[in-house]
Amino acid sequence: ASSSSSGAGGNNNPAAGALLRSLNDTYRSFDSNVNAISPTSFVMSTKMAFPQFAQTGPQGQPMQQDAEEFMSGLLTFASQAGGMQGKDAIMRAYKNSNNTNGKNTDVKEDELEGVGNLVD
């Protein structure tokens, strides 16, 4: 997980900004379409932000990568973009959020126990 910030972290990294924007666009597409969407932009920006995800095997197949490393890197980018660290970034992201039924789904402090290990 320590490699999540190598080569792609920081507020001035255009690849990190592109990744966060394409993730946002992908989520918006989910919300506004009933048909299947293509996450091509998100996949390409992921490969730019995390070059290891662009690696291929001898026959050209994508190589398997670690999901935890991706998630840690993504959370690091998001916290850096928001100027926050750890649980503060996640609490802000989920504070006063609504689920699909319109019900408030605030995250409580005890529900975030251990989450700081992912991003701090």
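Phe70 counts as buried, at 18% relative accessibility. The cut-off for burial is under 20% relative accessible area. The model is predicted. Phe70 pairs with Phe53 in an edge-to-face arrangement, with 5.8 Å centre to centre and 75° between the planes. Phe53 lies in the loop between H2 and H3, whereas Phe70 lies in helix H3, so the pair ties together parts that are 17 residues apart in sequence. Both residues also belong to one aromatic cluster, formed by Phe42, Phe50, Phe53, Phe70 and Phe77.

The overall fold is helical in its assigned elements. Five helices and zero strands are found in the protein. Along the sequence the pattern reads α-α-α-α-α. The protein has 120 residues, of which 30% count as buried. Among contacts between residues at least 6 apart in sequence, 48% join residues at least 24 apart.

The largest nonpolar core consists of ten residues. Its members are Ala15, Ala16, Leu19, Leu23, Phe42, Ala49, Phe50, Phe70, Leu74 and Phe77. At least two residues of this core come from each of helix H1 (14-32), helix H2 (40-49) and helix H3 (67-82). H1 gives the most, with four residues. Leu74, a member of the core, is in contact with Leu19, Leu20, Leu23 and Phe50 when neighbours within four places in sequence are left aside.

Helix H1 was examined for length and for the placement of its buried residues. Its 19 residues should span 27 Å at 1.5 Å a residue. The end C-alpha atoms are 27 Å apart, which agrees. Ala15, Ala16, Leu19, Ser22, Leu23 and Thr26 are buried in H1. These residues cover an arc of only 130° around the axis, so they are on the same side of H1. Pro14, Arg21, Arg28, Asp31 and Ser32 are exposed on the other side of H1.

Thr26 is one of the buried residues of H1. Its relative accessible area is 11%. The burial cut-off is under 20%, so Thr26 counts as buried. Not counting residues up to four places away in sequence, Thr26 touches Ile37 and Phe42. Phe42 is itself a member of the largest nonpolar core and of the aromatic cluster.

Helix H2 was treated in the same way. Phe42, Ser45, Thr46 and Ala49 are buried in H2. Their arc around the axis is only 110°, which puts them on the same side of H2.

The aromatic residues were then considered as pairs. A search of the whole structure finds six aromatic pairs. One of them joins Tyr27 and Phe30 and is tilted, with 6.2 Å centre to centre and 55° between the planes. Tyr27 and Phe30 are three residues apart in helix H1, so about one helical turn separates them. Tyr27 is partly exposed, with a relative accessible area of 48%. Phe30 also counts as partly exposed, at 48% relative accessibility. The Phe53 and Phe70 pair is edge-to-face, and its Phe70 member is buried, at 18% relative accessibility.

Thr76 is placed in helix H3. Thr76 is buried, with a relative accessible area of 11%. Thr76 and Ala16 are 60 residues apart in sequence, but 9.6 Å apart in space, C-alpha to C-alpha.

Ala78 is partly exposed, with a relative accessible area of 38%. Ala78 and Gly17 are 61 residues apart in sequence and 8.9 Å apart in space, C-alpha to C-alpha.

Terms used. Residues numbered from 1 in each chain as written. Predicted model: local features only at pLDDT ≥ 70, side-chain atom pairs only at ≥ 80, totals over all residues. Heavy atoms only, no water. Buried < 20%, exposed > 50% of the residue type's maximum accessible area, 1.4 Å probe, protein only. Contact = heavy atoms within 4.5 Å. Core = buried A, V, L, I, M, F, W, Y, C linked by side-chain atoms within 4.5 Å. Phe/Tyr/Trp six-rings, centres within 6.5 Å; stacked < 30°, edge-to-face > 60°. Arc of directions from axis to C-beta. Expected span 1.5 Å × (residues − 1).
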